[in-house]
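I opened this notebook page to record what I looked up, one topic at a time. The entries follow the order in which I went through them.

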Amino acid sequence: MSDTTRKNVLVFRELPPDQLARLQAQHKVTVANPRVPEQAARFRDALATTEGMIGSSYAIDEGLLAGAPQLRVISSVSVGVDNYALPALAKRGIMLCHTPGVLTETTADTIFSLIMASSRRLVELANLVRDGHWQRNIGEDLFGWDVHGKTLGILGFGRIGQALARRAALGFGMPVLYHNRHPIDAAKELPELMGKITHTPMEELLQRADIVAVVLPLSDETRGLMGPREFGLMKPGAIFVNGARGAIVQEEALLQALNHGPLRAAGLDVFATEPLPLNSPLRTHPKVTALPHIGSATFETRHAMAVLATTNLLQALAGERPLAMFDLSVV
Ligand code: DGY
């Protein structure tokens, strides 16, 4: 590749070595993670000339974009695009790529694990053994609740919501209620779930489900969606699980629902502020199973995401249509 076709690329979160090497073979690459204090200045300097960026988990806002006048494409190593100033990208004609599909099954596994952990009190009881408190047979005070046969309500029914529904309906005999903008034509799109899933208005879903799982993207429409009224509608003894984005939930309202309201337990992979601040009451709440945003965090899936994101970036910089481009015309 000649020097004139080599573009300036900024890698703003570590990539696996094989994918970094693919980029370096074709472009001039700067690796600088702005979250690491010693790399922040290098990141800001590189922005001035960067044409393509790749990374995740960092807010690329309008101010930051103003410092990147030559930027043509951002390739996010995530499916969620809530970290990016979408209207500003659309206005400047900067392309945004992401990684749908490759993380669907892993993220659904994580969310189902949270359902199991919250219902059967797995973390609490494993800690009891670890801490040497298993001195006699456990009694009712430590019993959990069955998952199989319970009604699962899913808010959001994209790829991950559907993968969760398959686990619940086909593996655990759970009736599934789902809420999203458009009902699915199950006969055509999900024949294996025919008769097992029901499109339900959100209010009714909250009232009927034993377990409610949030799998929605974060947008202006969904920010703060789960508040005091919504938690108040849930069944006494219900379980709440969030595997999407923390900001969809009003955390104060969730705490109220755990302390004084209907909730038996909550399983949370995501939080309004991440990493979860040490003083957050959710961190040590006895009814909460909290995970450090591990939805897609397996070796296989994180590598597949890096491969797709790198391919997206290389294609975009070559003037080709990337495999997975986010549609900015809808923002
Ligand atoms: C995603 O891909 O959006 C995951 O939540 C990781 O950020």
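Predicted model: local features only at pLDDT ≥ 70, side-chain atom pairs only at ≥ 80, totals over all residues.

Entry, ligand site. I began by asking which residues surround the ligand. I found Ser78, Val79, Gly80, Leu103, Arg245, His293 and Met305 around the ligand, and sorting this shell by class gave me three nonpolar, three polar and one charged residues.

For Val79 I noted a backbone N or O atom 2.7 Å from a ligand oxygen, and for Gly80 a polar backbone atom at 2.8 Å from an oxygen atom of the ligand. His293 contributes through its side chain, where a polar atom lies 2.9 Å from a ligand oxygen. I also looked up the area: the ligand taken alone exposes 230 Å², of which the protein buries 85%.

Entry, helix pair. I looked at how helix H1, residues 17-26, packs with helix H13, residues 299-317, and noted an angle of about 10 degrees with the axes 9 Å apart. Because angles under 35 degrees count as roughly parallel, I wrote H1 down as roughly parallel to H13.

For the contact itself, I listed Asp18, Gln19, Arg22, Leu23 and Gln26 on the H1 side, which meet His303, Ala306, Val307, Thr310, Thr311, Leu313 and Leu314 in H13. By class, I recorded five nonpolar, five polar and two charged residues in this contact.

Entry, backbone. I kept in mind that most residues other than glycine have a negative phi, and that most peptide bonds are trans. Against that, I noted that Arg121 has a positive phi, near 55 degrees, and that Arg121 sits in the loop between helix H5 (104-120) and helix H6 (122-130). I also noted a cis peptide bond from Glu274 to Pro275, with omega near -5 degrees, and placed Pro275 in the loop between strand S11 (263-268) and helix H12 (281-284).

Terms used:
Residues numbered from 1 in each chain as written. Heavy atoms only, no water. Axes fitted to C-alpha atoms, helices over the stretch in contact; angles between N-to-C directions. Helix = DSSP H or I, 4+ residues; strand = E, 2+ residues; numbered from the N terminus. Parallel < 35°, antiparallel > 145°, perpendicular 65-115°, else oblique. Contact = heavy atoms within 4.5 Å. Nonpolar A, V, L, I, M, F, W, Y, C, P; charged D, E, K, R; others polar. Near = heavy atom within 4 Å. Polar contact = N/O pair within 3.5 Å; in protein donor to acceptor, adjacent residues only side chain to side chain. Areas by Shrake-Rupley, 256 points an atom, 1.4 Å probe, with all protein chains shown as cover.
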